[in-house]
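The sequence and the structure come first, and the description follows.

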Amino acid sequence: MEHDDRFQNVTVVGAAGKMGSGILLLTALEMADQRLKPENTDKYYILYALDVSQKALSGLMGYVRSQVLKAAEKKTVQLRKIYSHRRDLIENSEIIDQYINDVMSIIRPVTTISSAYESDLVFEAASENPELKVRILSDIDRNNPNKPWFFTNTSSIPISYLEKEAGIEGRVLGVHFYNPPAVQKLVEVIKSDKTLPELADFASKFIKNLRKIEVPSNDFAGFIGNGHFMRDAIHGMNVAVKLTSEVSFPEAVYMVNKVSQDFLIRPMGIFQLIDYVGIDVCQYIMKVMHPYVKDEDIHSPLLDKYLELGVKGGQNSDGSQKDGFLKYEKGRISGVYDPDRKEYVPVNELAAVCDTLLGEPPASVVPWKIAVANPKKDEFFKAYFKDMINMDTKGALMAKAYLLRSKEIGEKLVSDKVAFSEKDVNTVLLTGFFHAYGPINNYLTQED
Amino acid sequence: MIAGYNTISMGTGRKEFNPKKERPGLEEYMKEAGQAVLGQIGGAANVDECVVGNFIASRFNKQANLAGFFPYIDEGLRYKPAIRVEGACGTGALALVTGIRSILAETADVALVVGVEVQNTVKAIYGADILAAAGWFKERKDGHAYFFPGKFSDRAGAYFEKFGRDKTRRAMARWYRNAIENARLCPTAQEFTNRVEDLEALGMTEPNPKSFVDNLNVYDCSKVSDGASAIAIVSEEGLRRCGWKKEDAIEVMGFGQAENDITAAPANLTVLDTTRAALGKAFQQAGINREQLATVECHDCFTIAGILAIEALGFAKHGEGPDFVLAGNTSRTGVIPVNTTGGLIGWGHPTGATGVHQAVTIWEQLTGRAGNAQIEIHAGKPFGLTINMGGDDKTLVCIVYKKG
């Protein structure tokens, strides 16, 4: 079966979810591109958007349409060539409309899993629950006569576990998109020992067509992305807990978040990132990773505590941020949760004291947005962290410890053979987490 | 001509521009520019006739019958004759010659001319559809997504092939630099606050045919702009009526109009032959030659169009326009200062207003009103020239001016 043919009947499971909707969109665009090739005009292309919620599915269709419009507006130059034979489509607007219709006509929103029984390719993007994923994969495979291929978007569950439990040896590949898939460039690809090479080749071509960056990871729980993120998060939470000998808990959270964002020049502070991913999701990922990591305790009592208190983070269906460790108003941090008082302390009540305690970052500091756009980023960060080396303000000391821990985590991913190279670790953090510099660097050990 | 006025050229580049927020419409721009002129000439009572130049509000703004906005500018204009004219990007100067002809025909002593366009109502990819109307619609299907950039990209490609890509691209980058440096001196310019240090390096950005056209980058292109310009065209009687002195006015010494077949491909992609024809007429009527020009406002809708216009003017031989530009001759201190407030690339290109904006700039320069953008005007070279072009060298108006 050729690349184009495998794309003729596809199902995305969990299509209305945060990750599923993006994967559905990207798959729909790829399938439409295949369908619009002159040699494929007489073929049918079907993409089942499978989800349990009718309501979510109708929201999904609106989302996909708006995103296809954006994609079409960006590639109108190519679309005019693709539709050059359609003499009735003259203006850009007519061509864009036709393309949207062509993409949307491929998608079938469905709530019954039996639709997937005729697909040749199944993208699984259900929630990060090993039992649920196994149940879905094995059910589809038992009832599908085509020996379908399965791409799973798991961010932490070993592929070998899924293939063994679901009885789909060789036909499953980890294809881990980052949130939101339509925007994020990174795709982690994970093979088990048995995964057929054709699956990886197919995925590579697909990822390349989407103009995304493929980074291979070994089949080890958490892979590279969460392998780094979870440990980084645990470090941040530990530092905050330790700080409570000096300051209140909300103050500690504020300070660690500030250091990990402003001092380290990252797109988000660590607590904001945990909220973004979801406290529940982070806990779930740690649970999945825990049994596989022998020399470290991948677990956070703090996350357990927050979830018991009903504080979950994550995002609303419109993409806005739910409150978690931090409270958000119009996308800005406005408060910090106090688990003892069970309420948010306004940021302006604690910022002044905490900022004084932390002191200033090096004078050369710039916001992440500016740093990431700097064409000479490496030189900038070398100079910036060099300025930090001899500083002994609380903020600088915390930042340096954080940076070293992040590097240590990265190096361990390589020595544990989760990542194939240091470069892969850096690429994941640069492209999947939008960091402006890779964690494996020598910024703090530079000589004069 | 007297009492010129330009609104800000609004669009990307201006700090106050936010595509997501509601912005002034056609009527607000017309009102701002129109009232500013009326305020300088003693009010609407002094006006005999009104002309508005607008390319295609019918699509950008779903609005036609723009002459009806004159009484909205000022109640005193009610029941006065008014007309709207159109000639794509050459609209503004067509509006001017419409007014000039009324003065010459002695049917008016004071004509109020406004040019206006509001283009940021749609994204650029749809704006390209609308602006394509400046060409022949039957060519649209096989044209580029960005139709007009595609046309001038083809001209640039032909020029590269004939005379060398390297020097031409460098000259285009220099053109861009001159435009932005001049725009930085004019507060109404769209690129007024541009702070890029190495403009020529930016201008040398390699074109990306996948997302845009083969031979041009976005810096080679004029801006997508909202704006209006207005000026009063007066007879000697009109001048007195409005209470203006001759030396504060500019006199139209001659104008040349030329039209070419919109359905015909250019005979030679590396030559603007219609521009050349219109220039010949304007120089002949004015009885001057190019050596007597103090400054030129030329229609640099694309950098390559600017270079071709320099050749059409005869400042450089065919194929040597890039060398002329690279030698600094078109900069504000060069042999012939061109587009002293940034032109279409630096100041902006509210299509239907551009021709009027050019006249206002010449009026400011020749009467010493150009502020920080003022150039020196020598007694031996007292003339100003505008070149306004509609479509791909199809609808041309060139006007020669001198201080009154």
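## Terms and basis

A residue is called buried when its relative accessible area is under 20%, exposed when it is over 50%, and partly exposed in between, with a 1.4 Å probe and protein chains only. The accessible areas come from the Shrake-Rupley method, and for residues only the protein chains shown count as cover.

This is a predicted model, in which local features need pLDDT of at least 70 and side-chain atom pairs count only at pLDDT 80 or more, while totals for chains, interfaces and linings use all residues. Residues are numbered from 1 along each chain as its sequence is written, chains are lettered from A and ligands numbered from 1 in the order in which they are written, and side-chain values use heavy atoms, with hydrogens and water left out.

## Chain A as a whole

Chain A has 18 helices and 11 strands. Helices (H or I, at least four residues) and strands (E, at least two) are DSSP runs, numbered from the N terminus. The C-alpha trace of chain A spans about 70 × 50 × 45 Å along its principal axes, and buried residues make up 57% of its 448 residues.

The radius of gyration is taken over C-alpha atoms, and the globule rule is 2.2 Å times the number of residues to the power 0.38. For 448 residues, a compact globule would have a radius of gyration near 22 Å; the 23 Å of chain A agrees with this.

## Chain B as a whole

Chain B has 14 helices and nine strands. Its radius of gyration is 19 Å, close to the 22 Å that the globule rule gives for 404 residues, so chain B is as compact as a globular protein of that length. Along the principal axes, the C-alpha atoms of chain B fill a box of roughly 55 × 50 × 40 Å. Of the 404 residues in chain B, 61% are buried.

## A positive patch on the surface

A:K70, A:K74, A:K185, A:R211, B:K20 and B:K210 gather in a patch of positive charge on the surface. Patches are made of residues with over 30% relative accessible area and no salt bridge; like charges are joined within 9 Å, and nonpolar side chains (Val, Leu, Ile, Met, Phe, Trp, Tyr) within 5 Å. Lys and Arg count as positive and Asp and Glu as negative, while His and the chain ends are not counted. The place of a charge is taken as NZ of Lys, CZ of Arg, CG of Asp or CD of Glu.

One of the patch residues, A:K70, is in helix 3 (residues 54–74) of chain A. A:K70 counts as partly exposed, because its relative accessibility is 49%.

## Salt bridges

A salt bridge is a side-chain nitrogen of Lys or Arg within 4 Å of a carboxyl oxygen of Asp or Glu. By this rule there are 44 salt bridges over all chains. One of them is formed by the side chains of B:R59 and A:E91, at 2.8 Å from N to O. B:R59 lies in helix 2 (residues 57–60) of chain B and A:E91 in the loop between helix 4 (76–82) and helix 5 (92–104) of chain A, so the pair joins two chains. B:R59 is partly exposed at 33% relative accessibility, whereas A:E91 is buried at 10%.

Within chain A, the side chains of A:K394 and A:E246 meet in a salt bridge of 3.1 Å, N to O. This pair links distant parts of the chain, 148 residues apart: A:K394 is in helix 17 (residues 394–415), and A:E246 is in the loop between helix 9 (225–243) and helix 10 (249–263). A:K394 counts as partly exposed at 26% relative accessibility, and A:E246 as exposed at 52%.

A:F223 lies in the loop between strand 8 (213–217) and helix 9 of chain A. Its relative accessibility is 0%, so A:F223 counts as buried. A:F223 and A:V418 are 195 residues apart in sequence and 6.2 Å apart in space, C-alpha to C-alpha.

B:I336 is in the loop between helix 12 (321–326) and helix 13 (343–346) of chain B, and it counts as buried at 0% relative accessibility. A:Y44, in the loop between helix 2 (18–35) and strand 2 (46–50) of chain A, is exposed, with a relative accessible area of 70%.

Technical notes. Areas by Shrake-Rupley, 256 points an atom, 1.4 Å probe, with all protein chains shown as cover.
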